[in-house]
Amino acid sequence: MAEHTDDATSATGRSSREAVAPASGHGPTGLTAEVRLRRGDFTLDMACRVRPGEVLAVLGPNGAGKSTLLTALTGSVRPERGRVSLDGRTWLDTERRIDVPTHRRGVGLLAQRAVLFPHLTALDNVAFGLRTAGVRRRPARRAALEWLRRTDTGELSDRRPAELSGGQAQRVALARALAADPELLLLDEPLSALDVATAPAMRGLLRRVLGEQRSPCVLVTHDVLDAVVLADRVVVLDRGGVVEQGRTRRVLARPRTAFTARIAGLNLVNGSAAGDSVETPRGGVVHGGVVEPAGRGEPAAAVFPPTAVAVHREVPEGSPRNAIPVRLVGMEPRGDAIRLRGETDPSEPETALAADVTPAAVAELGLRVGDEVFFAVKATEVAIHPVSDG
Ligand SMILES: Nc1ncnc2c1ncn2[C@@H]1O[C@H](COP(=O)(O)OP(=O)(O)OP(=O)(O)O)[C@@H](O)[C@H]1O
């Protein structure tokens, strides 16, 4: 996935460094969008930029404007003011009265539930888009079969949607969206309708195929794990505006709004994959259960909830625990518990981890901010995920 800076998304403002890029003709520049769109009492007013091959996750509470942003990008609703361009081609410019219709925007959309033609086989569903783009029947079917293989549904090519599970149908819908070689890929809660047994495999598949994509991708999700695994950058919307944005890891590690803090309630230890563990750049190792295998040395994260962490003064012995040395940098009440924040690397505050412990445990250990302690977590509580570089 692409390299980028932190601040490629900003609240709308003409003085912003993120003014819409001029049509350059110097190769792909990705998506640039600046929209103001009113729906009833609600106004979406934001700007974002997504580079070629980059995945931008859009997070935010219900009603924040995530779906409204997608309608502005697809062209199904026209913003009252705005500009949208893709690789320097203008899709929308309200000042210049340009508004390219949806069907000419080259958008591939994967929705919550697969929308497939019920009377067509999986193969014909995927080939359909290619046929309408003028590809002849046989090459279209060949390409469609290849896309089904890439989404692990090659053996389902003759089935109709009614004969597919939700997860299988979603894979076919992904194949269809990608087969059309979209200029912009939009994923609208692509995993939220899948059950807990199916979602991880689909998330892994998305990670693989998005890693190979050159078009920019906007991913709307409620699940912070989707952002961690799939996105290079995140933008957090609230009441129609951008409240946080930046590289995924940084935004989640240093949340600046209550919403982000709530959704970011997962510990992440980033490093590189080594079988059923993650090796950190400073030589630490965290063991866990592999959710999706990653090649040795690939970027990976060990993920665990603060409630799974126990705090010790000394390294706990004789149990299958990870013991991560930390310096306590924060202590605050959280419901019935106390949330401790522990810094693992003073030069990188974003590596801080959280532990939810009882007030009794804090009193018993006599914990104070500044103490050097160990955060212990059982390997069975840790999930190892391959992650984006974000
Ligand atoms: N057609 C419409 N007419 C009037 N208001 C609308 C319309 N569509 C959406 N809204 C309002 O716009 C606001 C943003 O809605 P939107 O669906 O974009 O939020 P969201 O972030 O996608 O929420 P969710 O996570 O619940 O899907 C909401 O207050 C919603 O009520």
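Author: Let's begin with the ligand: by class, the shell around it holds 2 nonpolar, 7 polar and 2 charged residues. Keep in mind that this is a predicted model. The residues around the ligand are Arg39, Gly40, Phe42, Gly60, Asn62, Gly63, Ala64, Gly65, Lys66, Ser67 and Thr68. Helix 1, residues 66-74, gives the most to that shell, with 3 residues.

Now for the packing you asked about. Two packed helices are described by the angle between their axes and the distance between the axes. Take helix 2 (residues 122-132) and helix 4 (residues 166-179): their axes come within 8 Å and cross at roughly 20 degrees. Angles under 35 degrees count as roughly parallel, so helix 2 is roughly parallel to helix 4. Helix 2 passes helix 4 in a right-handed crossing. On the helix 2 side, the contact is made by Ala122, Asn125, Val126, Gly129 and Leu130, while helix 4 brings Val172, Ala175, Arg176 and Ala179. Sorted by class, this contact of helix 2 with helix 4 has 6 nonpolar, 2 polar and 1 charged residues.

Helix 4 also packs with helix 3 (residues 137-150), at an angle of about 130 degrees and with the axes 9 Å apart. Helix 3 and helix 4 are therefore oblique to each other. The crossing of helix 3 and helix 4 is right-handed. Here helix 3 puts in Ala143, Ala144, Trp147, Leu148 and Arg150, and helix 4 answers with Val172, Ala175, Leu178 and Ala179. By class, the contact of helix 3 with helix 4 comes to 8 nonpolar, no polar and 1 charged residues.

Gln170 counts as buried because it has 28 C-beta neighbours inside 10 Å, and the cut-off for buried is 20 or more. Leaving out residues up to four places away in sequence, Gln170 touches Ala114, Pro190, Leu194 and Met202. Gln170 and Ala111 are 59 residues apart in sequence, yet 8.6 Å apart in space, C-alpha to C-alpha.

Ala376 has 18 other C-beta atoms within 10 Å, so it is partly exposed. Setting aside its neighbours within four places in sequence, Ala376 is in contact with Val309, Ala310, His312, Pro316, Arg321, Asn322 and Ala323. Pro316 sits 60 residues from Ala376 along the chain, and their C-alpha atoms are separated by 7.6 Å.

Last, two arginines in loops. Arg97 is placed in the loop between strand 6 (89-93) and strand 7 (98-99). Phi of Arg97 is near 55 degrees, a positive value in a residue other than glycine. Arg97 counts as exposed because it has 7 C-beta neighbours inside 10 Å. Arg239 is found in the loop between strand 11 (233-238) and strand 12 (241-247). Arg239 is not a glycine either, but has a positive phi of about 45 degrees. With 14 C-beta neighbours inside 10 Å, Arg239 counts as partly exposed.

Notes:
Residues are numbered from 1 along each chain as its sequence is written. This is a predicted model: local features need pLDDT of at least 70, side-chain atom pairs count only at pLDDT 80 or more; totals for chains, interfaces and linings use all residues. A residue is near a molecule or strand if its C-beta atom, placed from the backbone, lies within 6 Å of it. Helices (H or I, at least four residues) and strands (E, at least two) are DSSP runs, numbered from the N terminus. Ala, Val, Leu, Ile, Met, Phe, Trp, Tyr, Cys and Pro count as nonpolar, Asp, Glu, Lys and Arg as charged, and the others, Gly among them, as polar. Axes are lines fitted to C-alpha atoms, for helices over the stretch in contact, and angles run from 0 to 180 degrees between N-to-C directions. Angles under 35 degrees count as roughly parallel, over 145 as roughly antiparallel, 65 to 115 as roughly perpendicular and the rest as oblique. A crossing is left-handed if the near helix is turned anticlockwise from the far one by less than a right angle, and right-handed if clockwise. Two residues are in contact if their C-beta atoms, placed from the backbone, lie within 7 Å. A residue is buried if 20 or more other C-beta atoms lie within 10 Å of its own, exposed if 12 or fewer, and partly exposed in between; C-beta atoms are placed from the backbone.
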